[in-house]
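This briefing is meant for a reader who is meeting the structure for the first time. Please look over the sequence and the model before reading on.

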Amino acid sequence: MIISENWLREWVDFDASFEELPELLTQVGLEAGAVSIVPSLPKGIVAGRVDLVAPHPDADGLSVCDVDGGRPEKYQIVCGAENVRVGMITALATPDTVLPNGQKISSQNLRGVTSDGMLCSGSELGLEDQSSGILELDPHLSPGQLLDEHLQLPDRLFEVELTPNRGDCLSFLGVARETATVTRGTLKEPTIKKVAQESSETRSITLDKPDDCPRYVGRVLSGVSSNTRSPDIIRERLRRSDVRSVDALVDITNYLMLETGQPMHAFDNDRLKGGIVVRRASPSEHLTLLDGQEITLSEDNLVIADDSGSIALGGIKGGSSTMISEHTSSLFLEAASFNPDCIAQTARQFSINSDAAHRFERGVDFHLPALAIERASAMVIELCGGTPGPLIDQTIPGCLPERRPIILRQARLERMLGTHLTSQDVDSAFVTARFDFVPVDSGWSVTPPSHRYDLTGEHDLIEEVARLIGYDQFESHPPRVRAGSQLAPEDILDLDRAKDLLVDLGYFEAITYSFVSSELQGLVSGSEKAIRLQNPIAAQFSEMRLTLLPGLLNALANNARRQMRDIRLFETGHVFKATLRQPKEQQFIGGVITGSATGTRWDQRGREVDFFDAKGHVESLMGMACSGKSLRFVQSEHPAYQSGQCAEIMLDETRVGQLGRISHDILMRLDLDQPVYAFEINFGLIREIKIPGYTSSSRYPSLSRDLSFIFPDGTSSQTIIDAIRQSAGDLLINLELIDLYKENPKTSTEKSLTFRLTLQSNSRNLKDEDADAVAHSVVSRISAEYDGVLRSS
């Protein structure tokens with residue numbers, strides 16, 4: 001929300017410096033940015049009336065204009081704007097004026113015609129980012145009039161970032177209330193007069209779902225001119241608030257939304273069929289929105305309808321069938337109060353983030369609709385003409401948000417804030433905030449105002465008192481913490497050690513949401529059932545994650561889109577499994593890697609990361625955890641990984657994780673054009689580690705034997721390694737796969753694997769006969785069970 005000083009001061013009188021205001025608002029919970037300045041226009045910029053437009057005698061596309069600039073002689077201006085016309089008021093830069101961009105205006109000869117100045121566009125004056133012609137101003141301006149006062153220049157702006165619970169401050173009225181509170185100023189709420197009825201034209205309103213829409217207010221205005229241009233001050237205030245001006249009718253609804261916080265909508269009354277009904281949509285009902293988007297509705301969606309069907313998505317966006325156009329002559333203005341949860345659910349479902357939805361899902365004061373309709377009616381009549389019908393107010397009082405008194409106990413207040421507060425301090429805070437309250441025996445009974453949806457319990461009032469008195473007014477009381485006498489257990493792997501190892505391997509830590517896209521999660525997890533959120537913060541965050549991969553892959557894709565090629569990311573966090581009784585939460589550690597394995601080096605050719613790089617990183621990580629246990633990688637299939645490059649990580653006989661190359665379908669979904677490898681480990685299953693103990697080294701030398709076997713191509717090397725360990729006996733102290741050979745990598749149906757067995761005894765020197773016996777035992781088993789043929793050379 002961008003705040004203009006000139007507009008804000010129309011709502012509140014305060015003595016504090018405007019430069020101090022952002023800091024004061026930030027201290028009470030409204031994070032405000034630095035002040036920026038909208039400067040005055042140069043003195044030589046005045047209002048000019050175009051009295052004559054003639055073609056340039058020697059240049060196509062140029063016009064020679066006589067312009068009244070407030071002096072006896074008219075200015076002769078050569079202009080190339082297509083929108084210049086007789087009678088228009090525009091901005092005239094007289095000779096010797098220096099424009100905001102540094103350009104100095106002087107009399108010039110342009111293709112044989114003298115130009116005594118310049119007709120300016122909004123962008124040339126710094127009022128617009130882009131302009132398609134010269135600036136058109138209000139027709140009542142007098143030629144020669146300076147434009148600063150007319151456009152309320154200079155001005156100062158700052159932006160307020162609001163937390164979701166303070167939707168009441170998404171307006172100048174809301175920020176004015178807070179400004180009056182922090183500066184001890186005076187709020188100047190305007191007196192809105194009721195518009196007198198001049199016609200009997202009306203329209204019935206039916207509230208089928210009063211829990212979702214307890215109040216709906218409207219009015220018919222006939223005989224309006226829809227193509228009227230908004231006054232300069234409205235257009236300029238909208239521009240400074242980062243809202244595009246469209247026409248008077250649209251600008252009025254946007255202007256009042258910024259001013260009061262009440263979203264509004266205008267229907268073309270002649271396009272409406274019958275009465276207005278606020279109801280839930282029918283299954284598979286269709287609606288085309290103002291922007292042309294066609295959506296298929298469900299029974300969970302609230303719509304505004306007439307006899308022809310749905311005409312607007314309630315509280316979010318209007319429909320195209322009843323939108324106003326340049327031919328509109330009769331309006332139906334509407335303003336309503338909606339249930340925030342209903343609006344939030346529908347906005348998330350269709351991924352629509354309109355200004356109306358942004359406000360309604362945070363809560364809008366249910367007293368505002370009637371006031372907004374009265375003020376909008378008066379502005380429409382003033383700018384566009386029209387004959388007002390009666391105010392139509394359909395309200396179900398029992399369904400409006402209830403404002404119940406909340407008891408604030410003084411003892412609880414002091415215990416939570418850690419200090420003593422006098423009754424006068426608390427009373428002053430409530431008076432400043434304009435709360436209705438009465439003293440009671442235990443403290444105060446406070447009735448929150450209708451615009452404060454966030455005040456629902458005693459804890460909210462405690463926070464309110466603290467922020468109104470000022471957090472800086474409370475003394476700091478550091479907690480007393482007794483240092484523990486016990487050291488961290490040695491048999492538990494500390495998570496920070498695992499993180500440090502991955503950082504040493506070149507990874508960066510990522511922190512992602514526990515909520516993920518159902519589409520991406522389906523690709524990663526297959527048919528595994530996930531926990532769906534009833535009210536997700538956005539459509540792409542509709543499920544609790546079953547795995548860390550969706551977040552890590554999205555983070556990798558975001559980096560890749562920023563031209564990062566070598567990416568290594570890891571994350572530690574919880575995943576959530578759906579079970580019959582209750583969700584199961586487990587801590588995992590995972591990583592993704594892509595790009596170069598070696599970096600760019602002058603002395604050797606670069607190499608891309610592959611499966612074995614990721615496998616090596618997993619082995620390093622598991623090396624800290626699985627001392628004394630057997631770590632194996634077993635080939636498997638998984639929807640997230642490419643077939644043939646996927647393995648289960650086994651610790652003894654327990655599956656603790658997965659490793660592999662991300663599948664092509666997922667890479668296509670994320671627009672990734674290079675291989676990505678990933679791993680994921682259940683950290684809870686590897687945390688228990690063996691405490692290091694002393695073992696004496698053998699003083700006898702070791703022997704080694706290399707055994708080469710020929711196997712069918714599909715034989716798993718891990719299977720052979722397990723068989724060798726089992727058959728070699730206690731003399732085997734180390735086993736390595738040292739060579740893999742295929743005569744033709746593409747067509748060979750067999751492969752050769754060479755293993756190095758290292759043997760050693762703690763009690764004697766080994767002889768060749770001992771090594772031969774071990775080798776014979778290994779060869780016999782491999783030949784009998786795995787069709788392995790010992791190579792002779």
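The model is a predicted one, and the protein chain contains 18 helices and 42 strands.

**Overall form**
- The protein chain has a radius of gyration of 38 Å, whereas a compact globule of 793 residues would have one near 28 Å.
- Taken along the principal axes, the box filled by the C-alpha atoms of the protein chain is roughly 120 × 85 × 55 Å.

**Burial, contacts and surface**
- Of the 793 residues of the protein chain, 49% count as buried, and the chain exposes about 40,000 Å², of which carbon and sulfur atoms supply 47%.
- Among contacts in the protein chain with a separation of 6 or more, 70% are between residues 24 or more positions apart.

- Strand β21 (residues 302–306) is largely enclosed by the rest of the structure, because five of its five residues are buried.
- In a regular strand the side chains alternate between the two faces of the sheet.
- In β21, Leu302, Ile304 and Asp306 lie on one side and Val303 and Ala305 on the other, and all of these residues are buried, so that both faces are covered.
- Strand β18 (residues 276–280) pairs with β21 in the antiparallel sense over four bridges, and Arg280 has Leu302 as its bridge partner in β21.
- Strand β22 (residues 309–313) also pairs with β21 in the antiparallel sense over four bridges, with Ala305 standing opposite Ser310 in β22, and a hairpin through two residues joins β21 to β22.

Note on methods
Residues are numbered from 1 along each chain as its sequence is written. This is a predicted model: local features need pLDDT of at least 70, side-chain atom pairs count only at pLDDT 80 or more; totals for chains, interfaces and linings use all residues. Side-chain values use heavy atoms; hydrogens and water are left out. The radius of gyration is taken over C-alpha atoms; the globule rule is 2.2 Å times the number of residues to the power 0.38. Buried means under 20% relative accessible area, exposed over 50%, partly exposed in between (1.4 Å probe, protein chains only). Contact means heavy atoms within 4.5 Å. Accessible areas come from the Shrake-Rupley method with a 1.4 Å probe; for residues, only the protein chains shown count as cover. Two strands pair if DSSP finds at least two bridges between them.
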